[in-house]
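Before going through the points below, please have the sequence and the model open side by side.

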Amino acid sequence: MMPSGKTAEGPRRKNLDGLFKPRSVAMVGASADPHKIGHQILRNIVEGGFAGEVYPVNACAEAVLGLKTFPSVAAIPHPVDFAVISIPATAVAACMEECGQKGVQAVAVITSGFAEAGNIEEEHKLKAIADRYGMALVGPNILGVVYSPSRLNATFGPRDMASGGTAFVSQSGALAIGLMGWAVMEKMGMSALVSIGNKADVDERDLIEYFNHDEHVKVTLVYMEGLKNGRDFMQTRISKPVVMLKVGRTQRGARAAASHTGSLAGSDQVFDAAFRQLGMLRADTFREAFNWARALALPPMPGRKVLIITNGGGIGVRATDECEKAGLHLLDDPEWLEETFRPVMPSYGSTKNPIDLTGGAAADKYSQAFKSAVISDKFDALLVLYCETVITDPLAIAQGVSREYEAAGRRKPVVAAMVGGERSRQAIHFLNQQGVPAFTSVADAASSLNALAQWHEISSREKDDPECSQAPREAVRIVEQARKEGRSALLEHEARQVLELCGVPVPPAAFARDLDEAKLKAAALYPLAMKIASPQIIHKSDAGGVAVNIRDESELAEKYSAMMKTVSERVPDAQIEGVNLVQMAEGIECAAGLSSDPQFGPVVMFGLGGVLVEALKDVAFRIVPFGRVEAERLIGDIKARNILDGFRGARADRPSLVQILCAIQKLAGLVKEVDINPIRSSEKGSFAVDARIIL
Ligand code: ACO
């Protein structure tokens, strides 16, 4: 249980016990009219079996559903822990004020017509009242709240939800209703369901952190459309699996989500980065999210080795493919497999993993094979497959598997995929009710095991230690001087100097005002690149201001004159300060950048450099601040990571790339954008060859 009031996790976090474990509930807007939402919520609370006191509040009616009503919350002569409010928007603030005065701990405001409809002022008023009294406010614009351990269903959704280990948090109320119905149909047990709507107060972070301490919750599944405060979300601590279903992957989708919730549409790739950084698993579809949630309630999966038991070769091959695709490997131990499984199959069965018991295998054979397998430590998860035949009974097979699983103390993850008709569906439902995730498709089973393995990897991964140091004073001085001069970008040599001061390795370089100075300074730098220095020229190549691979003085002189001529023709008004001479660096071209996301603030980008960064868009992000461990993971997130590790050629130097990704974070808040492209990385190290810094 979380301590009440302010917690170590931040002063704005409120105690949610009043929401989930109330001793009494007031239902404001409890109408006798069954067509009204307030009536249906009251009915759900009462018929759902809530054991505490229930007080309907209605200004007109005497009694509703056989319960005496009260004209207002203030008129209830007993303490109230939780109030559900379903009255017109204009009356909500006054009602919340009464709740605050009465000492109500939490309110759920069902009513729509606040920020989502442009009525932002009124929503701020609700939040201010909640804060003044230390009340937790869920909503407004919500379906309500379910908490199975308290037998509390304060929603106008379906009534007959089964209890289980998944807590569901949804920004959309309508989807939450759909999901409740689906959960009932699919035999998915829920410990909690919270529709958070406009998130005026209680949000995803509050709930995830509350469920960290709730023994009834094994997995939290979040449906998200957008965030109000990405930086606060990045502080979320998770100690149990969180499956994130974030919609708005496409630009149009993101715009639709933004207009639905009133939240800003941040880049989807940045959301992806945020979830990875926090250790949340991102699902693509509801089906995937549900499947994963089921599997994540299983015992831990410490490795990726899988054993498959099947009655059909074809489905076994399909499952093998899906496992390999999901990064799971089949146990390969021919002697042990032969010794263990030969006794439970006919001579024409196969003891090569997948273990093929063949089409005639009935419940007894499945049970025997399962029993021998489940006690072994040779693999990390067991996948049971079944193809429906007329001579076997899928339900009996499911019952046998479940019985043996219980008898063995549920000691390792087990999932099943059963392919067939109505009889197989029944067996799947049975297994799901018994806590053995069962699916109609082998791909779903493999993907769920992958999620479970991923969670183990996340929960045992090395902790990152963000470095929060600031840019050195000299770097700040250079930036401020450029600002004073009214410039919007640093000159190249300034950018290089600022990066170097922050700890980004740069190749040896010099700045020269004219050809004579260039000749003098170039002597120590050949082979070199020469680049025009002008405040008016940001895209130097387009202006003819870049010459590479200059090997000696005569080439330097020749290219210098040619460059001055072309630049003055292409950008006649440019004020030429001189040229930058930069020693040519070898290695794989990478790119790194720092920019600002509307929801998460400063973010760092990494990808392959040169033209590839634009053509392939193979880039990944992290939210600032992060440390060396997370920088390593960022590099590992790009699809072309094999190229960095020397795929058919030279390899990049990861430690110095990590150093660059950590160092550029020092410029967050000081400048608008940093773009280092290319970085040249080889066994000799990584060097920022070209960089732009926008103020
Ligand atoms: N104190 C006590 N009782 C009151 C008060 C008050 N201040 N104000 C109203 N009441 C009573 C009313 O008299 C009425 O009872 P009655 O039927 O006996 O007369 C009852 O409370 C309800 O009030 P109504 O004025 O009839 O309001 P109604 O039920 O029609 O609508 C509601 C209220 C449901 C909150 C509506 O304003 C609303 O916001 N609807 C949308 C809700 C919604 O969709 N939320 C998002 C869910 S998620 C999703 O998208 C599915």
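1. Domain bounds, as used here, come from an automatic or database domain assignment. The model is a predicted one, and its chain is assigned domain 1 (17-295), domain 2 (305-459), domain 3 (508-584) and domain 4 (588-694). Taken over C-alpha atoms, the centres of domain 2 and domain 4 are separated by 43 Å.

2. The ligand is surrounded by 22 residues, the closest being Ser31, Lys36, Asn58, Ile110 and Ser112. Sorted by class, this shell consists of 13 nonpolar, 8 polar and 1 charged residues, and helix α5 (residues 173-185) gives the most to it, with 3 residues.

3. A nitrogen atom of the ligand, in turn, is 3.0 Å from a polar backbone atom of Ile110. The ligand taken alone exposes 1000 Å², of which the protein buries 68%.

4. Helix α2 (residues 37-47) deserves a look of its own, for Gly38, His39, Ile41, Leu42, Asn44 and Ile45 are buried in it. The cover over these buried residues includes the strands β1 (24-28), β2 (53-57), β3 (63-64), β4 (67-68), β5 (82-85) and β9 (152-155). After α2 comes Gly49, which has a positive phi, near 95°.

5. One joins Asn353 and Pro354, with omega about 5°, and Pro354 is placed in the loop between α12 (334-341) and β17 (355-356). Another runs from Asn677 to Pro678, with omega near 5°, and here Pro678 is placed in strand β28 (residues 673-682).

6. Most residues other than glycine have a negative phi, which is the background for two further residues. Lys199, in the loop between β11 (190-195) and α6 (204-212), has a positive phi near 55° without being a glycine. Is Lys199 buried or exposed? Because its relative accessibility is 6%, Lys199 counts as buried.

7. Asn549 is likewise not a glycine, yet its phi is positive, about 60°. This residue lies in strand β23 (residues 546-550), and with a relative accessible area of 34% Asn549 is partly exposed.

Technical notes: Residues are numbered from 1 along each chain as its sequence is written. This is a predicted model: local features need pLDDT of at least 70, side-chain atom pairs count only at pLDDT 80 or more; totals for chains, interfaces and linings use all residues. Side-chain values use heavy atoms; hydrogens and water are left out. A residue is near a molecule or strand if one of its heavy atoms lies within 4 Å of it. A polar contact is a pair of N or O atoms within 3.5 Å; within protein, one must be able to donate a hydrogen and the other to accept it, and residues adjacent in sequence count only if both atoms are side-chain atoms. Accessible areas come from the Shrake-Rupley method with a 1.4 Å probe; for residues, only the protein chains shown count as cover. Helices (H or I, at least four residues) and strands (E, at least two) are DSSP runs, numbered from the N terminus. Ala, Val, Leu, Ile, Met, Phe, Trp, Tyr, Cys and Pro count as nonpolar, Asp, Glu, Lys and Arg as charged, and the others, Gly among them, as polar. Buried means under 20% relative accessible area, exposed over 50%, partly exposed in between (1.4 Å probe, protein chains only). Contact means heavy atoms within 4.5 Å.
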